[in-house]
Amino acid sequence: MRLSTDEAWLMDEGKVVYGPTPISHGMPGYETPPGVFRVSFKKEFHWSTMHNAPMPYATFFNGDIAFHVGPIEKKSHGCVRMTHEGAKAFYEYLWPGDVVEVVE
């Protein structure tokens, strides 16, 4: 995922298998940090108790930060918002232990 261009890809052995897909990420004060992480868990329908909001196709990779369906026109509180199609593709392709790389 590249923060500077608001894009994400699914890659397998160096080849793009999906994407780029548009994203939005954390607003100032709630930045999505760059780094290399691993998928920890995923839930097809997760409810954020912190923000009292739905997070369809949530794929968590950095504590409480996840890829999920959300409005890509607005910045988030750290999560990576995606279109329905993008979030579903990431949810279906990624599994716990898979690597997530976030770059500037």
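# Salt bridges, a sheet and a buried arginine

Lys 75 is partly exposed, with a relative accessible area of 37%. Here a residue is called buried under 20% relative accessible area, exposed over 50%, and partly exposed in between, using a 1.4 Å probe and protein chains only. The structure is a predicted model, in which local features need pLDDT of at least 70 and side-chain atom pairs count only at pLDDT 80 or more, while totals for chains, interfaces and linings use all residues. Residues are numbered from 1 along each chain as its sequence is written, and side-chain values use heavy atoms, with hydrogens and water left out.

Lys 75 takes part in a salt bridge with Asp 6, where the closest N and O atoms are 3.9 Å apart. Asp 6 belongs to the segment before β1 (7-12) and Lys 75 to the loop between β6 (65-69) and β7, so this pair ties together parts that are 69 residues apart in sequence. A salt bridge is defined as a side-chain nitrogen of Lys or Arg within 4 Å of a carboxyl oxygen of Asp or Glu. In general, side chains of opposite charge can pair when their charged atoms come close. Asp 6 is itself partly exposed, at a relative accessible area of 27%. Its backbone is also worth noting, for Asp 6 has a positive phi of about 55° although it is not a glycine.

How many salt bridges does a search of the whole structure find? The search finds 3. Lys 88 and Glu 92 are 4 residues apart in helix α1 (residues 84-93), so about one helical turn separates them. An α-helix has 3.6 residues a turn, so residues three or four places apart point the same way. Lys 88 is partly exposed at 31%, as is Glu 92 at 48%.

The strands form the next part of the picture. An open sheet of 6 strands runs in the order β1-β2-β7-β6-β5-β4, with mixed pairing. The edges are held by β1 and β4 (41-48), each with a single partner strand, so one side of each has no neighbour in the sheet. On average, neighbouring strands of this sheet are turned by 40° against each other, direction ignored; the axes are lines fitted to C-alpha atoms, for helices over the stretch in contact, and angles run from 0 to 180 degrees between N-to-C directions. Two strands are said to pair if DSSP finds at least two bridges between them. Strand β2 (residues 15-24) pairs with β7 in the antiparallel sense over 2 bridges. Within β2 lies Pro 20, and a cis peptide bond with omega of about 10° joins Gly 19 to Pro 20.

Strand β7 (residues 80-82) contains Arg 81, which is the bridge partner of Ser 24. Is Arg 81 buried or exposed? Arg 81 is buried yet has no salt bridge, and the nearest side chain of opposite charge, that of Glu 73, is 7.2 Å away. Leaving aside residues up to four places away in sequence, Arg 81 touches several residues, including Pro 22, Ile 23, His 68 and Pro 71; contact here means heavy atoms within 4.5 Å.

Leu 10, in strand β1, is buried with a relative accessible area of 4%. Among the residues that Leu 10 touches are Ala 89 and Phe 90. By contrast, Glu 13, in the loop between β1 and β2, is exposed, with a relative accessible area of 79%.

Note on methods: Lys, Arg positive; Asp, Glu negative; His and termini not counted.
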